[in-house]
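Reader: I have a model open and want to go through it piece by piece. Can we take cavities, sheets and helix contacts in turn?

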Amino acid sequence: MERCICIHGHFYQPPRENPWLEDVELQDTAYPYHDWNERITAECYEPNTVSRILDGEGWIRRIINNYARISFNFGPTLLSWLERKQPGVYRAILEADRESRERFSGHGSALAQAYNHMIMPLANRRDKYTQILWGIRDFVHRFGRQPEGMWLPETGVDLKTLALMAELGIRFTILSPYQTRRFRKIGETQWRETAPGAIDTTRPYLVNLPGGRTIVVFFYNGEISQAVAFENLLSNGERFAGRLLGALAGSHGPSLVHIATDGETYGHHHRHGDMALAFALHQIETGGLARLTNYAEYLEHHPPLYEAEINEHSAWSCAHGVERWSGNCGCSTGMNPGWTQAWRAPLRKALNWLRDELAPLYEKQARSYLKEPWKARNDYISVILDRSPESQSEFLAKHALGKLGPAERVKVFKLLEMQRHAMLMFTSCGWFFDEITGIETVQIIKYAARVIQLAEEALGKKDLEPGFLKMLAEAKSNLPDHRDGAYIYEKYVKPARVDLPKVGAHYAICSLFEEYEERHRIYCFDIERENSHSSLAGVARLSLGQIRVTSRITLESARLIYAVVNLGSHIVNGGVSHFQNEESYRKIAGEITGAFDRTDFPGLVRLLDQRFGGSTYTLKQLFRDKQRQILDQILNTTLDEIAGDYRRIYDRHAHLNRFLRELNIPQPRVLHTAAEFVLNSNLRQAFAGDMTDLKQIKALLDEAKIANVQLDGAVHRYVLEQTLSRLGERLRENPNDLALITHLDEVIDLVGSLPFEVELWKVQNIYYSLLQKVYPDNLEKAAGGNEDAGEWNARFKALGEKLRVRRDG
């Protein structure tokens with residue numbers, strides 16, 4: 001192990017979950033994907049599990065899991081999302097770590113990360129400890145082993161953080177070359193000063209820590225890392241490999257060239273960056289000029305001979321230490337000249353105040369129920385990782401002073417959730433970008449709002465919000481219309497707050513548009529229907545009933561009554577209140593159903609307002625995903641009418657349109673618009689199915705070409721890729737279905753003729769998998785005279801030609 005190369009990817013997204021719903025809601029800016037996690041998974045995280053190595057003609061030669069050959073860390077909150085939403089990608093990441101242990105002398109390539117990407121030098125000691133511990137516990141839960149290294153968010157570092165990491169068993173971390181002050185050979189007394197970024201990055205360094213512990217630091221190669229992230233080095237995998245190998249030239253003795261960048265560089269920031277990475281890894285691995293390794297393996301064979309002192313309170317993405325997350329240091333994206341980030345300091349001041357106000361109150365209140373409140377907080381990660389009733393009971397059995405009643409259990413979990421969100425509100429991305437109205441900053445203010453709500457409920461602390469808003473008002477927006485942080489809180493954050501009646505209202509309104517089972521789950525809430533009634537009167541619909549709503553997070557529960565009416569289209573009114581008694585419910589139900597049966601709709605709306613004490617709801621209060629779904633359902637009726645009109649116009653005048661084109665006479669705009677709408681709509685519907693009628697699709701494409709219609713490439717591409725993925729999965733399940741292979745061959749042939757690019761990525765992955773697992777067996781059968789196998793081989797080979805996948809035989 002003399003000449004080694006290690007590539008580290010820091011794969012991370014900020015937690016985007018709605019703090020009240022514990023799930024990521026629809027994000028329109030990620031269109032056509034549901035949200036940014038889903039989009040970046042499609043562009044980066046998944047491609048790196050099945051990355052292509054192409055031959056000289058651009059054909060797929062191999063498909064590899066990049067993670068198994070590099071060093072990497074994933075943010076724990078991102079892994080949690082992947083586990084729930086993209087389980088195949090999640091499993092591939094875990095498998096890569098297992099494979100890397102076989103490749104790298106028993107050392108896995110995955111590193112842990114401080115839990116929710118808090119800037120550690122700016123955190124108090126208690127939060128530092130919990131963040132490190134939670135990061136380790138999350139890692140062990142997922143990867144099944146103790147982490148040897150840990151990634152620090154933004155490589156933000158100070159000695160206190162490193163000392164806690166070492167105390168908890170972390171052996172090494174990775175820092176920027178600009179984060180070292182000086183170094184010396186172990187045993188020497190004279191320190192050697194280094195110019196910024198000039199330290200020799202090809203060897204590990206020992207850092208001495210307070211209390212007598214030590215930790216190893218690898219300072220990454222800054223020049224190559226910069227070239228990968230910002231200088232388009234990933235445009236060519238061969239050049240990427242050459243740059244890494246070139247850094248080893250002239251080295252004497254053991255030498256490690258290693259780089260570190262955001263993992264999203266490999267596919268999200270740079271399209272097909274995963275393929276450049278795969279090619280470079282393959283070239284290094286097969287070229288014999290250097291050996292791929294990971295940090296833990298290299299450290300085993302080459303313990304540090306030098307020690308270093310770090311620049312405390314420094315980070316890789318701020319030239320001013322860690323001021324990017326605490327002040328107006330000048331660091332920004334550079335996309336908004338003239339803007340100021342003076343809002344950062346008052347935002348941090350407000351959040352620090354909120355945390356510090358609540359810490360002693362948490363401790364005092366929690367001591368009534370828990371043996372050691374802060375130890376309980378540290379161990380609460382076990383409940384976060386497993387929200388089952390069994391896990392919650394096991395936690396309380398371990399930490400509670402005695403057997404707790406239902407109300408006490410609710411209070412304990414509210415206190416612990418208050419502490420969890422009091423850490424989430426310090427997620428680094430809230431300060432990273434240019435403007436306080438950015439989604440990342442609004443997200444951490446939402447976490448603060450959740451903290452305030454939980455403090456009100458668990459501590460009876462009602463005066464936090466005014467004090468918080470007073471400080472938040474000092475955080476001025478660059479956009480005059482958005483004023484300051486307090487205005488943003490009132491406009492974007494406070495309306496997002498959720499309580500049990502709001503969950504009940506969501507259920508009630510949705511019951512007008514869909515049937516629910518007796519037991520139903522809405523995000524992290526369980527709904528149990530106890531009584532229900534519905535009525536119809538023309539287009540009007542009424543729904544009322546009794547339900548029990550229970551939070552899976554805090555165990556808080558309430559019996560509610562509701563009544564909602566849809567008077568047609570989007571006109572919905574409803575009320576929700578706590579259940580009092582059966583007599584009261586029957587009286588309200590009788591009055592409301594009576595007014596509905598009389599079609600006294602104005603009186604009904606007044607009754608809803610009166611009987612539910614002003615706690616009325618409309619479609620505006622629905623949670624975002626279901627709101628969009630119901631509005632789409634309502635809009636579809638209108639759009640169907642419009643589509644029908646367009647189709648009649650198009651069908652009636654199609655021959656006239658062609659005649660005008662033959663004479664080179666411009667079409668009237670309305671006729672062209674009708675053609676554009678109808679043809680794109682028909683194609684979208686055809687692409688969304690199994691594409692069994694390819695003649696019809698070709699006819700539509702020909703008509704669109706003749707009519708000079710602009711195809712909606714983005715939408716068609718997305719729909720087609722979903723359809724191809726579905727057909728590919730069907731082939732994976734039924735690999736010997738000759739008709740399906742033939743159909744897929746014809747579909748891909750059609751896709752190749754389209755005027756927009758369609759990714760064959762998922763189908764290629766499935767084909768490559770069958771090439772490894774099914775093809776050899778059929779090849780052997782065909783050689784033995786099996787005619788069916790011979791025909792299968794012929795068609796499978798033809799499909800591979802279309803997919804541009806090489807075979808060995």
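Reader: Which helix supplies the largest share of the lining of the largest cavity?

Author: A note before the count: this is a predicted model. β4 (71–74), α2 (76–85), β5 (110–113) and α4 (125–143) each give at least two residues to that lining. The largest share is 4 residues, and the element that supplies it is α4.

Reader: How many cavities of 30 Å³ or more are there, and how much space lies in the largest cavity?

Author: The count at that cut-off is 1 cavity. Its lining includes N73, F74, Q113 and D138. The space in the largest cavity is about 50 Å³.

Reader: By class, how many residues of that cavity lining are charged?

Author: The lining is made up of N73, F74, P76, L79, L111, A112, Q113, G135, D138, F139 and F143. Asp counts as charged. Sorted by class, the lining has 7 nonpolar and 3 polar residues, and the charged count is 1.

Reader: Now the pockets. What volume does the second largest pocket have, and which element gives the largest share of its lining?

Author: The second largest pocket has a volume of about 1300 Å³. Two or more lining residues come from each of α1 (36–45), β2 (51–54), α8 (273–287), α25 (713–733), α26 (738–751) and α27 (761–773). The largest share, 7 residues, belongs to α25.

Reader: Which residues lie nearest the centre of that pocket?

Author: The lining of the second largest pocket holds 43 residues. By class they divide into 20 nonpolar, 10 polar and 13 charged. Nearest the centre lie R271, E721, E759, L760 and W761.

Reader: Take another helix pair, α17 and α18. Why is their packing given the class it has?

Author: Helix α17 (residues 464–472) and helix α18 (residues 485–493) have axes 6 Å apart, at an angle of about 125 degrees. Roughly perpendicular stops at 115 degrees, and roughly antiparallel needs over 145. α17 and α18 are therefore oblique to each other.

Reader: Which residues of α18 meet α17?

Author: The α17 side brings E465, F468, L469 and L472. By class, the contact has 5 nonpolar, 1 polar and 2 charged residues. On the α18 side are G485, A486, Y489 and E490.

Reader: How many bridges join β17 to β18?

Author: Strand β17 (residues 540–551) and strand β18 (residues 557–566) run antiparallel. The number of bridges joining β17 to β18 is 10.

Reader: Which residue in the turn between β15 and β16 has a positive phi?

Author: β15 and β16 pair in the antiparallel sense over 4 bridges. R521 stands opposite D526 in β16. The two strands form a hairpin with 2 residues between them, and the residue in the turn with a positive phi, about 55 degrees, is Y523.

Reader: Another open sheet contains β10 and β14. Why do β7 and β9 stand at its edges?

Author: The strand order is β7-β11-β10-β14-β8-β9, with mixed pairing. β10 and β14 pair in the parallel sense over 2 bridges, and Y205 stands opposite Y306 in β14. β7 (172–175) and β9 (192–193) are at the edges because each has a single partner strand.

Definitions and conventions. Residues are numbered from 1 along each chain as its sequence is written. This is a predicted model: local features need pLDDT of at least 70, side-chain atom pairs count only at pLDDT 80 or more; totals for chains, interfaces and linings use all residues. Side-chain values use heavy atoms; hydrogens and water are left out. Axes are lines fitted to C-alpha atoms, for helices over the stretch in contact, and angles run from 0 to 180 degrees between N-to-C directions. Angles under 35 degrees count as roughly parallel, over 145 as roughly antiparallel, 65 to 115 as roughly perpendicular and the rest as oblique. Contact means heavy atoms within 4.5 Å. On a 1 Å grid over the protein atoms alone, a cavity is a set of points where a 1.4 Å probe fits but cannot get out, and a pocket is an open set with protein on both sides within 12 Å along at least five of seven lines; lining residues have an atom within 4 Å of a point. Grid points are joined across faces, edges and corners, and a volume is the space filled by probe spheres set on the points. Two strands pair if DSSP finds at least two bridges between them.
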